[in-house]
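Hi,

Here is the structure I promised to pass on. Have a look at it first, then read my notes below.

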Amino acid sequence: MRVAAFSELVGPPEGVELLEQDDPTPDAGEAIIDVEACSLNRHDLWILQGHSAMIEGDELPFVSGLDPAGVVREASADAHVSEGDRVLLCANQACGVCDRCREGPENHCESFSLYHGGFAEQAAVAADRLVPLPDALSFAEATALPTAYLTAWHMLKKADVTAGDRVFIPGATGGVGLAGVQLAGVLGATSVGTTTSESKAERLRDFADEVVVGRDPADLVAGAGENSADAALNHLSGEFTNVCGRVMRTGGTQIVCGRTAGESLDQLSAPFFLSQQEILGSTMGTQPELARLVDLAAEGAFDPVVDRTYALDATGEAFADMETRDAFGKLVVTP
Ligand SMILES: NC(=O)c1ccc[n+]([C@@H]2O[C@H](COP(=O)([O-])OP(=O)(O)OC[C@H]3O[C@@H](n4cnc5c(N)ncnc54)[C@H](OP(=O)(O)O)[C@@H]3O)[C@@H](O)[C@H]2O)c1
Ligand SMILES: [Zn+2]
């Protein structure tokens, strides 16, 4: 089979190479899927750029890709899936036996990790991590869900967002950001999204209730409105932490899941404690939450936004488009 592998931690588009590898065979509990689509996440880009502690040079070539969607080609005897099933992988890997796993939710597992290997024609996956896909959902739409939409959904739940709430989302044009905007709407909340790009703002206005275009923190606070939001979804960190704090009302909840704009949370302490706010960390979500999102998307509660699809041999270009911020919603490789 062909895979798009990171052969060097440089680039993109350099560093991504099309390689031939042996077809996988299923171990106990595994299924092999013919991958029809696998979306990009910034997590993959961190690895390719050498900014992830996960991968060392001696593990190259490395096949990334958290979110394969496809058709079961073969399954081990103990796997509860059948050849021909349309499926979507939940990338979560939890041990199932540690105290945090037993207590739940599963994304609190002490050795929590993620599947990698979707940028390939075939993927060997844990069969019990496969979610059935209704025909109403294309593979390209489905692969948008497991990381970006699941993370945003879990963040909204963690912030206890309900109908009528106002949610602030800086960087609202990418995977997690746009998912947050759409899913806030599914919950009956209103959203305020920001972007630095006038052209992406034009598209964002179709989804968010309010759009603020700008880069300067003071402009973002003024545009979104000080003390105006009940919750904030922060996948950027850095100075956006303080921006979220200022846009939120007293007692608001900020959920942090990423570090695109900084390795630390830059938050002034006095406004933080005086405003009685909370800042909580969040990573991924649970498999039942993903199954719920699949149902909601299949029912038409929201349409996962796929900006562009790329052939497997154009995976490097896809990463270059992500790096230059030339994407609205999700970028998807279709092996
Ligand atoms: N903890 C978890 O479980 C989890 C799961 C998923 C993602 N994440 C993290 O969440 C973040 C977003 O991931 P993603 O896949 O959604 O990424 P993405 O699609 O590349 O996000 C693009 C968005 O980020 C904004 N952006 C990019 N670079 C920026 C910068 N330097 N300063 C300000 N805004 C910037 C863009 O703004 P413009 O519109 O202005 O271009 C755009 O709105 C990443 O840090 C990722 O690692 C964490
Ligand atoms: Zn565990």
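A crossing of two helices is called left-handed if the near helix is turned anticlockwise from the far one by less than a right angle, and right-handed if clockwise. Helices (H or I, at least four residues) and strands (E, at least two) are DSSP runs, numbered from the N terminus. With that in hand: H4 passes H5 in a right-handed crossing.

Before going on, a word on the model: it is predicted, so local features need pLDDT of at least 70 and side-chain atom pairs count only at pLDDT 80 or more, while totals for chains, interfaces and linings use all residues. Residues are numbered from 1 along each chain as its sequence is written, and chains are lettered from A and ligands numbered from 1 in the order in which they are written.

Back to the helix pair. The axes of H4 (145–158) and H5 (175–186) come within 8 Å and cross at roughly 55°. Axes here are lines fitted to C-alpha atoms, for helices over the stretch in contact, and angles run from 0 to 180 degrees between N-to-C directions. H4 and H5 are therefore oblique to each other (under 35 degrees is roughly parallel, over 145 roughly antiparallel, 65 to 115 roughly perpendicular, the rest oblique). Among the residues making the contact are Trp 153 and Leu 156 of H4, and Val 176 and Leu 183 of H5; contact means C-beta atoms, placed from the backbone, within 7 Å.

Now the loops. Which peptide bonds are cis? One runs from Pro 12 to Pro 13, with omega near 0°, and Pro 13 sits in the loop between strands E1 and E2. Another joins Gly 104 and Pro 105, with omega about -5°; Pro 105 is in the loop between helix H2 and strand E7.

Two residues have a positive phi without being glycines: Asn 227, at about 55°, and Met 284, at about 50°. Asn 227 is in the loop between helix H7 and strand E13, and Met 284 in the loop between strand E15 and helix H10. Are they buried or exposed? Asn 227 is exposed, with 12 other C-beta atoms within 10 Å, whereas Met 284 is buried, with 24. The cut-offs are 20 or more other C-beta atoms within 10 Å for buried, 12 or fewer for exposed, and partly exposed in between, with C-beta atoms placed from the backbone.

Terms used
Two residues are in contact if their C-beta atoms, placed from the backbone, lie within 7 Å.
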